[in-house]
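The following exercises concern the structure shown below. Each task is followed by a solution worked in steps.

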Amino acid sequence: GRAPADGVSAHAKVDESTGELLFFNYSKKAPYMHYGVLGPDRKLKHFTPVPLPGPRLPHDMCYTRNYSILNDFPLFWDEKLLEQNIHANKFHKNLKSRFAVIPRYGTADEIRWFEASPTFVLHWTNAYEEGDEIVLDGYHQMNPSPSSKQPHCPEVPKGYERMMVYLSTSAMQ
């Protein structure tokens, strides 16, 4: 088959070593996210659900040689307004950021979830494996909500940050 009916995310990634296109998509219906791999022949090689607790707004993903990393950040539509079909973003400061680490051709049962402090990363710049650790580099926004000074723009990220996923201990820093 070809790409799924719900399409692919804005920031799918091409693994230059394999020619594969790694992608996710998301929707307002359960399971709310899927992850997939298109082969260099443009045929769908892998597609699996990524169950989330509700509709989310993932924007980017990253990958390493063996894993894809998907995001469940606490920036998503206001649930009460969404019931009225109003798509207003809200930063849910009381929720943790969650990261789904899935093997390249993994299933929903193989996803390992890691939690970190509430944040939002619009774009990842790099990810790689170092032993039993995954290094994630990107620009973090601790408060991605628009300010009163610029009502349509979130704050500019303060700086480049690195996150660590510890596969052996299931911890994250």
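**Exercise 1. Determine the accessible surface of the protein chain and the share of it that belongs to carbon and sulfur atoms.**

Solution. The accessible surface comes to about 9500 Å², as given by the Shrake-Rupley method with a 1.4 Å probe, where for residues only the protein chains shown count as cover. Carbon and sulfur atoms account for 51% of this surface. This is a predicted model, in which local features need pLDDT of at least 70 and side-chain atom pairs count only at pLDDT 80 or more, while totals for chains, interfaces and linings use all residues. Residues are numbered from 1 along each chain as its sequence is written, and side-chain values use heavy atoms, with hydrogens and water left out.

**Exercise 2. Describe the secondary structure of the chain and state what percentage of its residues is buried.**

Solution. The chain has 1 helix and 14 strands; these are DSSP runs numbered from the N terminus, with helices (H or I) of at least four residues and strands (E) of at least two. Of the 173 residues, 43% are buried. Here buried means under 20% relative accessible area, exposed over 50%, and partly exposed in between (1.4 Å probe, protein chains only).

**Exercise 3. Identify the residues that touch the most other members of the largest nonpolar core, and the elements that give two or more residues to this core.**

Solution. A nonpolar core is a set of buried Ala, Val, Leu, Ile, Met, Phe, Trp, Tyr and Cys residues joined through side-chain atoms within 4.5 Å. In the largest core, which has 19 residues, Phe 99, Trp 124, Leu 136, Val 165 and Met 172 touch the most other members. Two or more residues each come from strands S9 (97-103), S10 (112-116), S11 (120-130), S12 (133-141) and S13 (160-166). The largest share, 4 residues, is supplied by S11. A second, separate core of 13 residues includes Tyr 35, Leu 52, Met 61 and Ile 102. In soluble globular proteins, nonpolar side chains tend to be buried together.

**Exercise 4. Classify the aromatic pairs Phe 24 with Tyr 26 and Phe 99 with Trp 124.**

Solution. Rings of Phe, Tyr and Trp (its six-membered ring) pair if their centres lie within 6.5 Å; planes under 30 degrees apart count as stacked, over 60 as edge-to-face and the rest as tilted. The whole structure holds 5 aromatic pairs. The ring centres of Phe 24 and Tyr 26 are 6.4 Å apart and their planes lie at 25°, so this pair is stacked. Phe 24 is buried at 1% relative accessibility, whereas Tyr 26 is partly exposed, at 33%. Phe 99 and Trp 124 form an edge-to-face pair, with 6.1 Å between centres and 65° between planes. This pair links distant parts of the chain, with Phe 99 in strand S9 and Trp 124 in strand S11, 25 residues apart. Both residues are buried. Ring pairs also join Phe 73, Phe 99, Phe 120 and Trp 124 into a cluster.

**Exercise 5. Describe the surroundings of Arg 98.**

Solution. Arg 98 is located in strand S9. Its charged end sits over the ring of Trp 113, 3.9 Å from the ring centre; this requires NZ of Lys or CZ of Arg within 6 Å of the centre and within 35 degrees of the ring normal. Beyond residues up to four places away in sequence, Arg 98 touches several residues, including Pro 51, Leu 52, Asn 71, Trp 113 and Glu 115, where contact means heavy atoms within 4.5 Å. Asn 71 lies 27 residues from Arg 98 in sequence, and their C-alpha atoms are 6.1 Å apart.
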